[in-house]
Every structure is written in C-alpha cells, then in structure tokens.
Amino acid sequence: MSTLEVDGRGHVGGLLVTNHTGRPLEFQCTTPVKPDRTQEILYGQSLRPWLLGELIGGTLLNRVSIKPDLVVVCDHEMLELRNHTRTPVACLDKSSSEFETTVVQSIGGRQLRFHDEHADDSAFVESRAHLVPDQADLEEPLGRVREALSETVKTVLAR
Amino acid sequence: MTNDAANDDSAVPIMCAAADLSVSVETAATGYNPALQRIPQIDTNQVQLNTTLDYIPAWKPRRIPIKCIGLTLPEGEHFLPTKEAKESASDGTQLRRINPKANAGANSSDRPKRTRIKPPSGAVSLQDRLFYLLQPPLETWLAGQELIMPFEPFPYQYEGIAWLFARHSALLADEMGLGKTMQTITAIRLLLRAGQVHRILLICPKPLIPNWQREFRLWAQELPIVTVEGSSSRRRMLWTMPGVPILIANYELMTRDLVEIPEEERPKFDLLVLDEAQRIKNRDSRTAQVARDVARRRSWALTGTPIENRPEELSSLFEFMDVVPSRACPDMRQLARLADEHILRRTKDLVMTDMPPRIDRDAELQLTEAQTSAYESAEKDGIIQLNDLGDAITVQHVFELVLRLKQITNYDPLTGESTKLERLTADMEEIAASGGKAILFSQWTKSLDWLDERLQPFNPLIYHGGVPTKKREPILDQFKNDPDAHLLLMSYGTGAVGLNLQFAGYVFLFDRWWNPAVEDQAINRAHRIGQKNPVIVTRFICAGTIEERIDRVLREKRELFEAILGDGDNDNVSLSLNADEIFGLFDLKAHSKDGARSIGPANPKAA
C-alpha cells in the first residue's frame, strides 16, 4: 500500500494485492482525498496518520475482495492503519531514525517495522517468512503501486 | 462553563469591586475654555449580563467520502508443477531457477536491473494500462518459484519478452541467432500465466517443428504442446480439440486444413504466431490469405529478414498484424512509422558485443581446365540460344542458363573436376585435424550427394529436403556428439532456418544463394548465442563466372532499405535478383535484318 500527494488535490492511495511471488491479483486506488482547514488544525500532528492510515488505508483494505495476509506500507505514518484492522501491517524501514517503533523483522532483503502496540505482527511475519522467495524485494511492488497511481491520476486529470 | 451551570442563578458568583472614578483635567494657561474646568458628569446604566453565548462553534468529525477505482487481474492458467531445479530437461540441459543478485539494501546502484512491462501505445483504457504497469519486473517474475529457466536471459532478451508481452500486433525481427524462439516462448509462457491467452497457434516451416518442440521442452517444459500431424481426420480432431493451450502446425497444413473446416467450426485463438513470417510476404498468396483469416486476438510474426526483396513485403506482414487496412499500401514514411511501433529488431552488433566475431572470407577460385572449357562452352551456346529466342525470351530461359553455369562452377559433370572441392578438401583436412566441425551449404541436393561421396574421410552427414523428417533430428544429434563427424552438408532450403548449430566453427557456402539474407540465415545456424569461438565463413566464388557477376549485383543493393529498419542494419537486409537484373547478367541481343537490339523482360519485376 502506498500513497501519492497530488498537487493541490490531496492524497491518493493504492493497494496492490499480490501473491507471495509478487504476481498481481487485485489493485484498488482512491480518488484524491484532501482534508479541509479545520481538519488540518484540529488533527494537528495526527493528521497524516489519520488521513493516510485510517482513512485511505482503511478504505482500501475494506474495498479489496482478496484480503491480504500482510499489508506492507512505505510510510511509517500509515502504520496507524493497524489500529483499525486485524490484518498485520508492516512498514519498510528506509530510515530508522524517523521511527519511534522498535519492533524490527528482516524479510525479502528488507527491514520491516511494526506498530509498537502490535508487536505480535513480527512473529506472524516470521512464521510465514519461508513463503517469500530469497530474492524477493518487498519494496519493488510499492514502486508499481506508485506508478499505477501516477497513471491513474494522469488519466483522471486528463478527462 | 456548562449550560447547566449558566442557568442556575445561585451558582453564578457575583464579583464586586470599587472603582476610582476621579478625573483630572488640565487646561491651558490661556483660559480660553473655562467650560473645561467644570467637573464632568458621569451617568451610569445597568446592563444585564448574558448568561449564554450567542454563537457556539460546533465541529463533528466527519468521514471524507472516498471513491475507489479497482482492477482485478485475471487468474492465469495453472500447469503441473515443473520438475525440481536439480533435475535435467529432456535434452540433458541442467535446469535451474534464475537467481538475480540479492538485494543490496537501500543502495539503488547495487540493485539488479529490472525490466518492466510498458503499456503499448494502443492500450487506451486505464484498466488496460494498469494491467501492464502492475506486472512485476521480468527478472523477478521469471525468478519466481513457479517458473524454471534453463539459462538467465540476456538483458535484450528480457526487453524483447516485455515488448512481446504487451503487444497484440508484433513483428519480432531480431537478427538470426539472437533468440527469437526463446523470447517468444517465454512471452507466451507469461501471457498464459497472466491469464491473457489460453489458446495459441504457432505456425512454422515443417523442418522447424522439431526445433520448436525442443525449445518448448527446454524453456517451458510445463506447457503442454500439441503438434498437428497425422491423417486428415486426426488433424481435424487436433485442430478443434478443446483444452490445448499450444498448437503447433506447419504452413502447408494450416493452408490445407483450415479451409476444409466449416467456418462455424474453425478454431479461434488468442494468439497466432507465424515463425519465418517472410513466408507470407506475398499478400496474395494462399498462405497469407489463410493466415489472415485465422480468428485470433493477437498476431505475432517472427522473422530475421522482414524485407527480403521489396519494402512492400512489410505491408503484407502489417496486414496480417491488423495494423493496416486490407490491401493498404503504406509509403516509405508510413512504413517507417509503423515499424517504430510494431517492429522490434536488434542486431548482434548492437546487443552481443561480447559474442565471438564472424569472420567472412571470400574464396576466389579459378576454375580447373576442364571446368573452364565446360563453362565457356555452356555460356556461349546458352547465349546463342537465348538470343535466338528474341522477344519470346522469358526470365525462366535466362534463369536456366544461370543454373547450368552455376552447376559447372561447382564441378564439371563430365570429368568431375572441381576447384571448389579441392579447396574444400584442403580446408577440411585442417579442420578435422583440429577436431573442428563445419557446415556446408549448397542450393542443390545433387551437389551435396556428389560431395558426400568425395568427402568420406571427414564422415560427412547429409541434411536436406530429401531426408525424412524423422531422421533429421538424429542426424543433428550425431553431428553434435560424434567427434568423428566433421562436416554437415545442408541445403539452403532445409538447413538455413531455425536450427541451432553453434558448436560448428566453420561455414562453407559452396555455391551462392540468390539472396544474401538467406545466406545470412544459413551462416547464423553456427554464429548464434552459445557460440564460444569465432565463426569462419568461406564463400566460394569462381572468378570470371556468373557467380562473380551475381555477387557484385547483390553487394550493390545491400544498403537500400536501411531507411526502414534503422541504423546498424546494413548487413542483413538485402535484395534478391529481380528479372531485370537476371537479364542483365548477360549481354543479350536479338538479331534481325535491322541489326541487333537488347532484349529484356516484359515486366522487370516479374522474377
């Protein structure tokens, strides 16, 4: 799952469900979501976790017909999604200094971080790590999501 | 304060405090305004304090409505699991999973190259474009647990696979030897896996069917393939049998069988692949018409020589690919634009920079005494006969003389003398002594049989159209595996296309074909991927003969079509001789009482 900021129009989010080898099964993306000024003031620092994780992430996860076993996000603020779903959520650890979370798991050539209040997610991922090929790159599908989001935004804006 | 508290008077504390209301007034010394010296009067009014607010700002969190756009990707075909990587393919090739370089963390410069599938320009709908964008990079897809590849494809092959995967109309025109077969099989494999195709028809020349079967076993052994062969009734059953993902047939059977099946019963395909697609270069040919009539959603053509003679041949291929209307005749500029979109062509020079070189050498030979005598006599008599024909002459008459002279340059039928055989024997002794292997091409099976008798010390093997199909594969196997078999004698027609003979380091063109593109195809049986050593190509040309004249004409025409297929493609696109040029090989004159005048074809392009 990944999001993209569209100039002046807010954020769009995309969720690509793949099998364990990275083959795409289903893709869902949102139209742009933009908080109003009141929301920006009142949510303060919790605005992005609410917007990206709860609102966009929650909508996408509810929408997909193929429910994933694990949601991988690239933005640690999207870990907020985990507070609103029973599905484990992991964040790719690109820069550990940004994170407050401390639970780390290595898989698919990447470090994954989990929500501090859902540390069990790490054990869940570990129990299924054998399903992920050694050469898999967990970040790669997120690039596809961003590319698909860009294409969607471009197409929608052109209409 | 809550509303309840505000309504309860007893709960409201009353605050009282004394205020000093004295005011001091200073006046100017001039005393002009004595009124200012009066003490100001202050009145007080009692005002009731409000106990409720006029405006209470209210805000309730609301959920922003979000719309979603979704795409469910089709479920692909499932096949029986492949054998474990440690096992071998049927031809003994060790199979393994591709294992790209491990991820190198966040350092993007260390990451392995990724070949992404790009949406074709014809994909208009968002869903179509997303389908292609969401596919994984080929390197990771092919490295997945479900696919086993015998070898890691080259980067340009990954690009070719991605290009084919995304196209409904495609002409893969890579130079011979760059792996068109493998790229096609892998693209088919991925399309089946992605649920984009379910039923594929592959048409190729008959001699290449064993090659395709072998390549499918090598590159996609889990895919079931069925070859159309056998009796008429059996073939009819195979054409229409449901549940066959890949059907392979030769051009002749396609042309013969499909028209005999009632239209409503004719099979429909998701993909039709024409190998050696130059077979449909003539759009009016029966083969081309039948190919165009096959019901299909995707049309791919494979050929190393998209233009053999005239640019118009491309029009026929484009018509098959449904990118030009029926009978359309695009001009050169339009052809170039269509080629940009629908043709992918790479040459060895561009992509295989580390491939061993091909070393061409023209062996200019002098005819033996007996050959010279026979040649001069035949040429003199032949020209006299042609001149006598006058305006009744046809290109066929001239062609027959050319053939007769070419045969004499191979060997004198009367004495058996052959300058080419002498040179060949000398070369073969050296090749055999070093344990090497050579392929020899001739346009005549009779010449091949003649050579076979005279080259026995080198254990020659013969491979031409007269050899039954079932015996051909064993011949190639013997040539590959028997260390004493040093020479394979092949005809251009049978051996020039589709075979992988990269273990041979020498190629002899005993006589010249009419079209250098066909010669290149023949040479590339040996000079192709997998070749570890330079390939020495020897063209036998007898000085002062028809061979030299033909060679000169063909060389002069090699660069004409560069404009269509782009740079770096000067060597492999060429023209064969047309009628005008065949007439031009001789100085033909019709003699009459008015004198001599040149004679030529009624239609110069009718060859």
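The report below moves from the interface to a helix pair, then to a group of strands and finally to some loop residues.

This is a predicted model, in which local features need pLDDT of at least 70 and side-chain atom pairs count only at pLDDT 80 or more, while totals for chains, interfaces and linings use all residues. Residues are numbered from 1 along each chain as its sequence is written, and chains are lettered from A and ligands numbered from 1 in the order in which they are written.

**The interface**

In the contact between the chains, 28 residues of chain B meet 30 residues of chain A, where two residues are in contact if their C-beta atoms, placed from the backbone, lie within 7 Å. On the chain B side, the elements that give two or more residues are β1 (68-72) and α2 (126-133); helices (H or I, at least four residues) and strands (E, at least two) are DSSP runs, numbered from the N terminus. The most is given by β1(B), with 5 residues. By class, this side of chain B has 17 nonpolar, 8 polar and 3 charged residues, with Ala, Val, Leu, Ile, Met, Phe, Trp, Tyr, Cys and Pro counted as nonpolar, Asp, Glu, Lys and Arg as charged, and the others, Gly among them, as polar.

Strand pairing also crosses between the chains: β3 of chain A (residues 24-30) pairs with β1(B) in the antiparallel sense over 5 bridges, two strands being paired if DSSP finds at least two bridges between them. Within this pairing, A:Phe27 has B:Leu71 of β1(B) as its bridge partner. The buried residues of α2(B) are B:Arg129, B:Leu130, B:Phe131 and B:Leu133, and they pack against β3 and α4 (140-158) of chain A together with β1 of chain B. Here a residue is buried if 20 or more other C-beta atoms lie within 10 Å of its own, exposed if 12 or fewer, and partly exposed in between, with C-beta atoms placed from the backbone.

**A helix pair in chain B**

The axes of α5(B) (residues 180-193) and α6(B) (residues 209-219) come within 10 Å and cross at roughly 55 degrees, which makes α5(B) oblique to α6(B). Axes are lines fitted to C-alpha atoms, for helices over the stretch in contact, and angles run from 0 to 180 degrees between N-to-C directions; angles under 35 degrees count as roughly parallel, over 145 as roughly antiparallel, 65 to 115 as roughly perpendicular and the rest as oblique. To this contact α5(B) brings B:Thr181, B:Met182, B:Ile185 and B:Thr186, and α6(B) brings B:Trp212, B:Glu215, B:Phe216 and B:Trp219. Sorted by class, the contact has 5 nonpolar, 2 polar and 1 charged residues.

**Buried strands of chain B**

Strand β10(B) (residues 438-442) is largely enclosed by the rest of the structure, because 5 of its 5 residues are buried. In a regular strand the side chains alternate between the two faces of the sheet. In β10(B), B:Ala438, B:Leu440 and B:Ser442 point one way, whereas B:Ile439 and B:Phe441 point the other way, and all are buried. Strand β14(B) (residues 535-542) is mostly covered, with 8 of its 8 residues buried; B:Val535, B:Val537, B:Arg539 and B:Ile541 point one way from it and B:Ile536, B:Thr538, B:Phe540 and B:Cys542 the other way.

| Strand pair | Bridges | One bridge pair |
|---|---|---|
| β10(B) and β12(B) (residues 487-491) | 5 bridges | B:Leu440 and B:Leu489 |
| β10(B) and β13(B) (residues 506-509) | 4 bridges | B:Phe441 and B:Leu509 |
| β13(B) and β14(B) | 4 bridges | B:Leu509 and B:Arg539 |
| β9(B) (residues 358-365) and β14(B) | 8 bridges | B:Asp362 and B:Arg539 |

Read together, the rows show B:Leu509 bridged to B:Phe441 and also to B:Arg539, while B:Arg539 is in turn the bridge partner of B:Asp362.

**Loop residues of chain B**

B:Asp322, in the loop between α10 (312-320) and α11 (332-342), has a positive phi of about 65 degrees although it is not a glycine. With 15 other C-beta atoms within 10 Å, B:Asp322 is partly exposed. B:Asn459, in the loop between α16 (445-454) and β11 (461-463), likewise has a positive phi, near 50 degrees, in a residue other than glycine, and its 15 C-beta neighbours inside 10 Å make it partly exposed.

B:Val244 lies in the loop between α7 (232-240) and β5 (246-250) and is partly exposed, with 18 other C-beta atoms within 10 Å. Its C-alpha atom is separated by 8.3 Å from that of B:Ile200, 44 residues apart along the chain.
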